[in-house]
Amino acid sequence: MARVIMKDAHASHKVQVVDDEGNTRLRGICMCGLSSNLPFCNGSHRKTEDEEEGVLYRYNEDGTREECSIQIE
Ligand code: FES
């Protein structure tokens, strides 16, 4: 079964992570939905930087993007 998930974020959400040794560091949580390393950001959100307002895009597994439309009843 396929599903469509709509996201409009263009950047990650930063969280502070503490490892087993007590070291803290910031990690980005993916908010755009394009990361191949979910739940963490891998920089793929940069592909969204030139999106136009009001246009719906589909990102394909091969990295290409296309404009599309959906009908919700
Ligand atoms: S926010 Fe999704 S890859 Fe960075």
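1. Let's start with a residue on the inside of this predicted model. His 45 is buried, because 20 other C-beta atoms lie within 10 Å, and the cut-off for calling a residue buried is 20 or more. If you want to find His 45 in the viewer, look in the loop between strand E2 (24–29) and strand E3 (56–59).

2. Who are the neighbours of His 45? Leaving aside residues up to four places away in sequence, His 45 touches His 10, Ala 11, Ser 12, Cys 32 and Leu 34. Take Leu 34 as an example: eleven residues separate Leu 34 and His 45 in sequence, and their C-alpha atoms are 6.4 Å apart in space.

3. While you are in that part of the chain, have a look at Pro 39, which also belongs to the loop between E2 and E3. The peptide bond joining Leu 38 and Pro 39 is cis, with omega at about 10 degrees.

4. Now for a contrast with His 45. Is Lys 14 buried or exposed? Lys 14 is exposed, because it has 11 other C-beta atoms within 10 Å, and a residue counts as exposed at 12 or fewer. You will find Lys 14 in strand E1, which covers residues 13–18.

5. Not counting residues up to four places away in sequence, Lys 14 touches Leu 26 and Gly 28. Gly 28 is 14 residues from Lys 14 along the chain, yet the C-alpha atoms of the two are separated by 4.5 Å.

6. E1 and E2 pair in the antiparallel sense, over six bridges.

7. How many of the six residues of E2 are buried? The number is zero, so E2 lies largely in the open.

8. Finally, follow the chain to E3 and strand E4 (residues 65–68). These run antiparallel and are joined by four bridges. Tyr 59 stands opposite Arg 65 in E4. In the hairpin of E3 and E4, five residues lie between the strands, and Gly 63 takes a positive phi near 90 degrees.

Key. Residues numbered from 1 in each chain as written. Predicted model: local features only at pLDDT ≥ 70, side-chain atom pairs only at ≥ 80, totals over all residues. Helix = DSSP H or I, 4+ residues; strand = E, 2+ residues; numbered from the N terminus. Contact = placed C-beta atoms within 7 Å. Pairing = 2+ DSSP bridges.
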